[in-house]
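I opened the notebook to record the places where something sits, or could sit, in this model. The entries follow the order in which I looked things up.

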Amino acid sequence: MSLLSIRDLRTEFQSPSGVARAVDGVSFDVAPGEIFGIVGESGCGKSATCRSILRLFGGAQAKVAGGRILLEGAGDLAAMPERELAQVRGRDVAFIFQDPLTALNPTMRIGKQIAEVILRHRKVGRTEARAQALQLLRDVHVTSPERRLDAYPHELSGGLRQRVVIAMALALRPKLIIADEPTTALDVTVQDQILRLLRERRDSLGASIILVTHDLGVVSQICDRMAVMYAGRLVESGRVREVLDAPSHPYTRALLAALPGQTGRDEELTPIEGAPPSLISPPPGCRFAPRCALAQPRCREGGPPPLLSRKGLAAGHLDACILNEAADAAA
Amino acid sequence: MILAILKRLLMLVPVLIGITLLSFLLLQIMPGDPASRAMGTRASAEELQAMRELWGLDKPLWVQYLYFLRDCLTGSFGVSIFHKQPIITLVAERLPYTLAIVAYSTVIALVIALPFAILAAANRGRLADVAIRQVFVVLIAVPPFWLCYVLILGLALGMGWFPTGGVGEGLLENLHRLFLPSLVVGLSTAALIQQSLRAALIDTMQADYIDTARAKGLRRREVFLRHVLPNSLISTISIIGVRISWIIGGTVVVEKIFSAPGLGSLLIDAIVSRDLPVIRGLTVFFAIMVVLVNLITDICYALADPRVRLE
Ligand SMILES: Nc1ncnc2c1ncn2[C@@H]1O[C@H](COP(=O)(O)OP(=O)(O)OP(=O)(O)O)[C@@H](O)[C@H]1O
Ligand SMILES: [Mg+2]
C-alpha cells in the first residue's frame with residue numbers, strides 16, 4: 001500500500017513565451033517510511049513535481065493541469081480546494097526548500113517561526129508551542145537551542161538554518177516530507193550531517209521522504225527507490241540498486257556517466273551532448289531521442305513513450321525506452 | 001544603540017559647520033548691499049551706515065561668520081531684520097503647524113496608500129492595478145494649488161464641511177481645520193507610498209520564505225499579515241523619511257492658500273523682504289531637520305529590520 005500515489009500529473013507554467021509543461025504525465029508511488037529520490041538535469045521538472053504536491057509555486061504563474069495526487073487518509077490533493085489543502089500542508093506533508101538562506105523570514109525570530117506551524121495545527125498555547133519548538137531544535141541537534149529560539153535567521157549559519165527548516169518540517173510529525181535539494185546550498189561537510197539527520201528522523205518518525213538531488217552518491221547512500229526525470233517525464237524508476245547497477249534507459253546511462261559521486265572511485269565524467277528540449281514545444285516521440293546515440297527513426301514518432309516494466313528487469317523497475325519495448329516484443 | 005545614536009549626533013558637527021559656511025557664503029555672493037536691499041532705495045547714507053553697524057555688516061567677513069556661528073550655537077539662529085525677533089522664535093511659532101501637517105498628512109497618506117497598494121499588488125497587471133496606478137499618477141501630476149482650490153470650492157465652500165483655512169484651538173478643532181491642507185499634502189505622499197509599497201509587496205510575495213509560510217499551512221490572510229506585509233512595509237520607511245524632510249520646508253503653496261503659518265511661508269516671505277538673517281538661519285535649521293529626520297529614519301530601520309544595525 002502506498003502513502004502517496006501520483007498518477008499522470010501535469011503541471012503548467014505560464015511564461016512570456018508560452019505554456020511550459022514542466023510536468024507532463026508523471027506517475028509514481030511512495031511507500032510509507034520510504035525515501036524516494038528524484039534525479040535529472042536542471043530544468044527537467046523535479047521542483048515542479050514536488051511543488052505540485054502542495055500546490056506551492058512561489059510567485060510563478062503555475063497550475064496543476066491534470067492528474068491525481070492521492071495521499072493516504074487525505075484524498076486527492078490535486079482536486080482539493082485551497083482551504084482544505086492548507087490543512088494538509090505542514091500537518092500531513094511538509095516541505096524543505098533548497099536554500100535555507102532565503103527560506104526563513106528574515107524579520108521573525110526562529111522560535112516564533114517554528115511555533116507558528118504548531119499553533120496553526122494544534123490547540124496549544126504560546127508557551128507550550130515554544131516549549132515544543134525548543135524540543136524540536138534539540139531533536140535536530142541544534143547547539144544551545146534556548147539561545148537560538150530568540151535568534152534571527154541571519155544570526156545562524158547555513159547549516160543551522162537548514163536544521164531549523166527541518167525542525168519546522170518535522171514539527172507535526174508529517175507522514176511525508178518533500179525535500180527539494182535540501183543540501184545543494186550547503187558546504188560538503190554540512191551536507192552529510194543534514195542527510196544523516198533526515199534519515200535519522202525518518203527512522204524515528206517513520207515518515208516517507210521525497211528527496212530531489214543532483215548527487216547520485218546521495219541517492220545510493222540514503223534512498224530506497226528512485227526515479228529519473230527528463231523533460232517533464234519520468235524515463236526510469238525502480239529500486240536504487242537496480243536502477244544504478246543496471247540502468248535500462250539510455251538517458252539514465254548517460255546521466256550516470258555525467259554526474260559525479262556514484263561509486264566513490266575516480267570516474268571519468270562524460271557530459272551529455274546537447275541541451276534538454278524546450279518544455280513549451282517538446283519534440284515528438286521520445287524526448288531524449290534528439291540527444292540519444294541509439295535513437296532510431298521510430299523514436300521520434302508519436303507521443304512520448306510510457307513507463308513500463310520489462311522482461312529483463314526486476315519487478316518494479318520500469319523504463320520508458322521504445323527500443324526496450326521492441327526487445328520485449330521480440331523476446 | 002544609544003551609543004550609535006550619540007555617535008551619529010556627533011557626526012552632525014562637521015556637517016553643520018559645512019552647512020553654516022555654505023549658507024553664509026552663498027548669501028554673501030548675492031549681488032548688492034544687504035543693508036540697502038533691506039532698507040529700500042529711499043534710505044539715506046547715514047541710515048544705511050547705521051544699519052550696517054547695527055547688523056555688523058561693516059565688520060570683516062570672517063567676523064560676520066563667527067557672529068552667525070555664535071547665533072546658531074546659542075540657538076537663536078540670528079535676528080530677523082524684518083520681524084526684529086530671534087529667528088528661533090519665528091520658527092517656534094510656525095513649527096507646530098508644520099509638524100501637525102507632517103504627522104496628519106502622513107497618517108492620511110498611509111490610510112489611503114495601504115489598501116490601494118494591497119489591492120494593486122493582489123491584482124498585479126489586471127484592471128484594478130492599472131486603474132489605481134493611473135489615478136495616483138494623476139494625483140502626483142496635478143499642481144497642489146489646483147487641488148487646494150478644488151477641495152476648498154468643493155468640500156469647504158460647496159458642502160460647507162470644512163473651514164477654508166487658518167489654525168484653530170485644541171486637537172479636535174485642528175483635526176477638522178487642518179484636514180484639507182493635510183489631505184493635499186497627504187495625497188501625493190500616498191501616491192509615493194502606494195507605488196513603492198506595491199512593488200515591495202509583489203517582491204515579497206515571491207520570496208522563498210513566503211512559500212515556507214504557506215507550506216506550514218497558514219491561511220492566506222495569516223501569510224499576508226504576518227509575513228508579506230511587515231517585510232514589505234520596511235522598505236517604505238525611507239520613502240516616508242524623504243517625504244517628511246520635504247514637507248518641513250516645502251508646503252508653501254498649501255500654507256498660503258489655507259492662510260496658515262508654516263515654515264515654508266516664513267522662508268518665502270524672508271526671500272521676498274530680503275530678510276537675509278532669516279534666509280540664512282532657516283537654511284541651517286532646515287539642514288538640521290533633514291539630518292535629524294534621516295537619523296530617525298535609520299533608527300526606525302534598525303528597529304524594524306533585525307539585519308540592519310545603526311552605524
Ligand atoms: N517561475 C517559473 N516561470 C516559468 N516557468 C518556470 C518557472 N519555474 C520553472 N519553470 C518551468 O518549469 C521547468 C522545470 O523547472 P523546475 O524548477 O521544476 O526544474 P528542476 O528540475 O527543479 O531544475 P533544477 O535542478 O535546476 O532545480 C523549467 O524548465 C521551466 O520551463
Ligand atoms: Mg529544482
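**Ligand 1 and its shell**

I began with the elements around ligand 1: β2 (18-30) and α1 (46-54) of chain A each supply at least two residues of its shell. Helices (H or I, at least four residues) and strands (E, at least two) are DSSP runs, numbered from the N terminus. The model is predicted, so local features need pLDDT of at least 70 and side-chain atom pairs count only at pLDDT 80 or more, while totals for chains, interfaces and linings use all residues. Residues are numbered from 1 along each chain as its sequence is written, chains are lettered from A and ligands numbered from 1 in the order in which they are written, and side-chain values use heavy atoms, with hydrogens and water left out.

I noted that α1(A) gives the most to the shell, with three residues. In total 15 residues surround ligand 1, where a residue is near a molecule if one of its heavy atoms lies within 4 Å of it. The closest are A:Ser42, A:Gly43, A:Lys46, A:Ser47 and A:Ala48. I sorted the shell by class and got seven nonpolar, five polar and three charged residues. Here Ala, Val, Leu, Ile, Met, Phe, Trp, Tyr, Cys and Pro count as nonpolar, Asp, Glu, Lys and Arg as charged, and the others, Gly among them, as polar.

Next I looked up atom distances. An N or O atom in the side chain of A:Ser42 is 2.4 Å from an oxygen atom of ligand 1. For A:Ser47, a polar side-chain atom lies 2.6 Å from a ligand oxygen. With A:Gly43 a polar backbone atom takes that part, at 2.7 Å from an oxygen of ligand 1. On its own, ligand 1 has 630 Å² of accessible area, and the protein covers 67% of this (Shrake-Rupley method, 1.4 Å probe).

**Pockets**

I then turned to open spaces. On a 1 Å grid over the protein atoms alone, a pocket is an open set of points with protein on both sides within 12 Å along at least five of seven lines, a cavity is a set where a 1.4 Å probe fits but cannot get out, and lining residues have an atom within 4 Å of a point. Grid points are joined across faces, edges and corners, and a volume is the space filled by probe spheres set on the points.

The largest pocket has a volume of about 1,100 Å³. It is lined by 27 residues, and those closest to its centre are A:Gly58, B:Ala122, B:Met205, B:Arg214 and B:Arg220. I found that α11(B) provides the largest share of this lining, five residues.

The second largest pocket has a volume of about 370 Å³. Why does it lie between domain 1 and domain 2 of chain B? Domain 1 (2-74) and domain 2 (87-304) both give residues to its lining, so the pocket lies between them; the bounds come from an automatic or database domain assignment. The element that gives the most to this lining is α4(B), with five residues.

**Cavities**

Last, I searched the whole structure and found three cavities of 30 Å³ or more. The largest cavity holds about 90 Å³ of space. Its lining draws on both chains, including A:Phe95, A:Met168 and B:Thr212. I saw that α6(A) gives the most to this lining, with three residues. By class, the lining divides into eight nonpolar, two polar and one charged.

Conventions:
Polar contact = N/O pair within 3.5 Å; in protein donor to acceptor, adjacent residues only side chain to side chain.
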